[in-house]
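Good morning, everyone, and thank you for making time for this. Please have a look at the sequence and the structure for a moment, and then we will go through them together.

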Amino acid sequence: MSTYAYPNPQAIFYQQYNAAKRDEVVGILLALFLGSFGVHHFYLRRTGLGILYACFFWSGIPGLLGFIECFFMPGRVREFNSIQAAAIAASLGIPVPGWPAGGVPPIGAVPGPVMGGPMPPVPPMPPAIPPPPPTYIAAPAVCARCQYSNAAGAKFCAGCGSALG
Ligand SMILES: [Zn+2]
């Protein structure tokens, strides 16, 4: 039971939209199995293309095209439905339910629940950590005379004072 005693524009919209809209799966199946006769084009009211396919079904080309087109049917059905929704809403003088008032429905969009608000901002990527500079690990300079382990780079031995080579 409707909560409205009389049909409101939105209820009329959904009644007409549900009657006019096409099903993606049906569109795919028609293109796949009856594409030779252009039935999938008639389904989306592309009568001219449908007649063209039906006239050339004997050549096998429409069947091949139908097989290829079955992959495109979901998008075509969605576009068809969005056009139906816009036309019905325009005839009723209401915005398309589910779309923001005055908003232009995007191509391929279908009326549905409006997602809440804009997307949250994407957190900034942490700065890339540069690879550490190659550290030159010098071997300690071991004195040849006293075996004292001097700091790397030392010129003279800290143990005996002789020059390190
Ligand atoms: Zn030394």
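In what order do the elements of the chain run from the N terminus on? Before I answer, please keep in mind that this is a predicted model. The order is α-α-α-α-α-α-β-β, which gives the chain six helices and two strands. Of the 165 residues of the chain, 18% count as buried.

Let us turn to the interior. In soluble globular proteins, nonpolar side chains tend to be buried together. Here the largest nonpolar core has seven residues, namely Leu-30, Ala-31, Tyr-43, Leu-44, Met-73, Val-77 and Phe-80. Two elements, helix H2 (24-34) and helix H6 (73-92), each give two or more residues to this core, and H6 gives the most, with three. If we leave out residues up to four places away in sequence, Tyr-43 touches Arg-22, Gly-27 and Leu-30. There is also a second, separate core of six residues, which includes Ala-85, Ile-88, Ala-89 and Trp-99.

Now for the packing of two helices. Helix H1, which covers residues 9-20, packs with H6 at an angle of about 145 degrees, and their axes are 10 Å apart; the crossing of H1 past H6 is right-handed. On the H1 side the contact is made by Pro-9, Ile-12, Phe-13, Gln-16, Tyr-17 and Ala-20, while H6 brings Gln-84, Ala-85, Ile-88, Ala-89 and Leu-92. Sorted by class, this contact has nine nonpolar residues, two polar ones and no charged ones.

Finally, among contacts in the chain between residues at least 6 apart in sequence, 43% join residues at least 24 apart.

Notes: Residues numbered from 1 in each chain as written. Predicted model: local features only at pLDDT ≥ 70, side-chain atom pairs only at ≥ 80, totals over all residues. Core = buried A, V, L, I, M, F, W, Y, C linked by C-beta atoms within 7 Å. Buried ≥ 20, exposed ≤ 12 C-beta atoms within 10 Å, placed from the backbone. Helix = DSSP H or I, 4+ residues; strand = E, 2+ residues; numbered from the N terminus. Contact = placed C-beta atoms within 7 Å. Axes fitted to C-alpha atoms, helices over the stretch in contact; angles between N-to-C directions. Left-handed = near helix turned anticlockwise from the far one by under 90°. Nonpolar A, V, L, I, M, F, W, Y, C, P; charged D, E, K, R; others polar.
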